[in-house]
Amino acid sequence: MILMSTISELKPEQLKKQYDNEVLGFETTAEVPPLEGILGQERASRAMDFGLKVERQGYNIYVAGLNGTGRSSYARSIVQSVAKDKPVPLDWCYVYNFEDPYQPLALSMPAGVGSRLKEDMDRLIDHLKKEIPKAFSGEDYNKRRARVVQDFQEKTSQLMEELNRTAKEHGFEFKRSATGLVSIPLIDGRPISEEEYRNLGEEKLKEIEARNDKLQMRAVEIFNGIKELELKAQDAIRDLDAEIAMNSVGYVIGELKAKYQECDCPEILEFLDGVQKDIVKNVDDFKVKEEAQEAELPWLLRGRKADSTFKYRVNLLVDSSKLEYAPVVIETFPAYYNLVGKVEYENQLGVLTTNFTKIKAGALHRANGGYLIIQAKDILLNPYSWEALKRALKTGEIAIENIAEQTGMVATSSLRPKPIPLGVKIIMIGSYEIYNLLYNLDEDFKKLFKVKADFDVEMKKDAEQVYKIAAFISKHCMEQNMRHFNRSAVARIVEYSSRLADHQDKLSTRFNEIVEIIYEADTWAGMEGAELVTDAHVTKAIQEKIYRSNKYEKKIQEYIKDGTILIDTEGAVVGQVNGLSVLDLGEYSFGRPSRITAVAYAGKKGVINIEREVKMSGSIHDKGVLILGGYLGDRFAQRSPLSLTASITFEQSYGGVDGDSASSTELYAILSALADVPIKQGIAVTGSVNQRGEIQPIGGVNQKIEGFFRVCREKGLTGDQGVMIPHQNVDNLMLDDEVIQAVAEGKFHIYPVRTIEEGIEILTGMPAGTMDEDGGYPEGTLYHRVQQKLEAFRKAVNESEAD
């Protein structure tokens, strides 16, 4: 007697682990303290704590995980809490470099000093513009300057008189011409004419030239004396101007030096010294000049000298005066200039100009001494930003550079501000894929981001975590001023979380999706005028969320019902099985059945995957199909070679096919075709298979079961319909209540299967058979029929080759 495998279908209580709200120690979430910290991310939390405490170069943090797992919100909260224990960083200013104007100097000072210095220098400039012109227009200055000029003029007049006397003594007279003073010979006390000069004899001319040479030598001496007097007068006026300027501003700058001496800021004192020297050196810039009329046309002002007092201003790049602790900067648009800063230009009548006051800070400057949070995708999508960030971290300083100069596209003379030392902790948030790409392809990444905070998508389902879920709900109810949830609603949220995790003993950490249901359940409770959110409101929120997104699922079900898509849910057909797949639309995914058919005939081509032949299948699906040949060879080619050609396909499939979850389904279709035994069409199949015939787990088991159930419901439940799933997926079942009710009433069945032999017996009602010592199978078994068919194929192939 041949025995069939005994496979028990799953009971209703195995299809979903319902949470007993009676074990919750509260009535509503109003009694539960709001959640503090992160929920279900112990590994990531410990990594973050460690990474934030390490004060070493390269220990920046990469936060890896899926969207919606709380990685961004947790990163912000934990960094904020750690930053509160860190000191307020320094202020940073850029000032004019009096030695090299193209390299502005960076000054650091305690927080709050920068803003005071900026205000003090602005007041100094106002003072300079008022007091220096006033001093130079005063009576004392004018008298002293007049004495210097008068003294110069008197001494110059004396020298000119001496020059004229000397000229007469030598028989000459000086007259002014366009080229300067010209000596004219005298005859009888009067200037000689040109005609008389030409008529003079040779000896007389030589005598006149000799006297003129002596006169010229004396004239040079006198003119040199006049030049020396002029230089002395200029020096005297310059000294006078410097004295007046110092009298006007010396005490002000002296007060500033004394003020900032207390701050222990030697760089500020050096800057003030430079300001004082520059004022004295360029005091003429402050003197009152005749200005053009205000009504002048703009282009007439181009030649006017620019205001030179900008050199004394302070560009407060980073102002930490309003901070209470280390800065936490979240840069949402890390473009190159937003990250490292820039030098702005101003268009003045078609000419681009700039100076150190137009240097602007970037996110690295603002976060210096603290923390910078950025999204990996954002910084990688912005050209040059990633390289700029790495360069800053490697060199330990922030250098403001023009992109065009950096790439060699433009060679212009521009400002090159002195780099600022960098001390910042980078927290970069991104996906696993980006992390793996950077780790494997960017040699700098592993040196700069040595800490990985890995956010999981699921957590254990125990009493502690369930209570934290309630605390999580309580927190949102309080923060968003929502209705509190009663314990039945909390239990329903817990079940929904397990459904998202696809596991009866786990909870999902995709908190964004859970929060959506919390908000929407509160809305439905409000529409009903309820004071508390109940499980009915949560269920309503889930159902309505599905309804908003399941249009395409309904369309497919309609096509199946009216016969456009061919799916049988009754009867039995040879070589035909209902396989199950999941369609993911992003926000919503659902299961749908697909007809898989197989045809077997004599040949040596083995299993032909039609999808592969037309390049519509992925590599994983191709691998699954190739495994089928290994199983057939193991079971039926131990005594003789396998002579078989079998074609399999997904009927009415017009898109790509990938994944191996249908490999067992395809094998069932081939076995049915070989044995010529029909397969029950009311039972759909999912599960991958290995070469030994063991059924392997798959994903999306809940969606697949529910998808086939809805098709059967639309076409009419007969009580013989169901789904075969891998036995390992039983723990993943969190099915809809409608499916569970149908199973309880015996209208639908779910079978956990371990091997191909178990599955084929359920599908055909015939025992598979066990191989004997000779490699054969008992008569009356399905595998005996398969073996007979393969033997017939082998003979047919041999006879064909013999002919």
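With which side chain does the side chain of Lys358 make a polar contact? In this predicted model, the partner is the side chain of Glu346, at 3.1 Å. Lys358 itself sits in the loop that connects β11 (351–353) with β12 (359–360), and, when neighbours within four places in sequence are left aside, its contacts are Asn315, Lys342, Val343, Glu344, Glu346 and Thr353.

Two further residues can be set side by side.

| Residue | Location | Relative accessibility |
|---|---|---|
| Ile698 | loop between β28 (695–696) and α23 (701–715) | 12% |
| His784 | helix α26 (residues 782–802) | 15% |

Because buried means under 20% relative accessible area, Ile698 at 12% falls in that class, and His784 at 15% counts as buried too. Not counting residues up to four places away in sequence, His784 touches Tyr777, Pro778 and Glu779. With its neighbours within four places in sequence left aside, Ile698 is in contact with Ser661, Thr686, Gly687, Ser688, Lys704, Pro726 and Asn729, while its C-alpha atom is separated by 9.4 Å from that of Gly659, a residue 39 residues apart from Ile698 along the chain.

The helix considered here is α16 (residues 487–501), whose 15 residues reach 21 Å from the first C-alpha to the last, close to the 21 Å expected at 1.5 Å a residue. Helix α16 is mostly covered, with 14 of its 15 residues buried, and it is followed by Asp502, which has a positive phi near 55 degrees.

Note on methods. Residues are numbered from 1 along each chain as its sequence is written. This is a predicted model: local features need pLDDT of at least 70, side-chain atom pairs count only at pLDDT 80 or more; totals for chains, interfaces and linings use all residues. Side-chain values use heavy atoms; hydrogens and water are left out. Helices (H or I, at least four residues) and strands (E, at least two) are DSSP runs, numbered from the N terminus. A polar contact is a pair of N or O atoms within 3.5 Å; within protein, one must be able to donate a hydrogen and the other to accept it, and residues adjacent in sequence count only if both atoms are side-chain atoms. Contact means heavy atoms within 4.5 Å. Buried means under 20% relative accessible area, exposed over 50%, partly exposed in between (1.4 Å probe, protein chains only). The expected span of a helix is 1.5 Å times one less than its number of residues.
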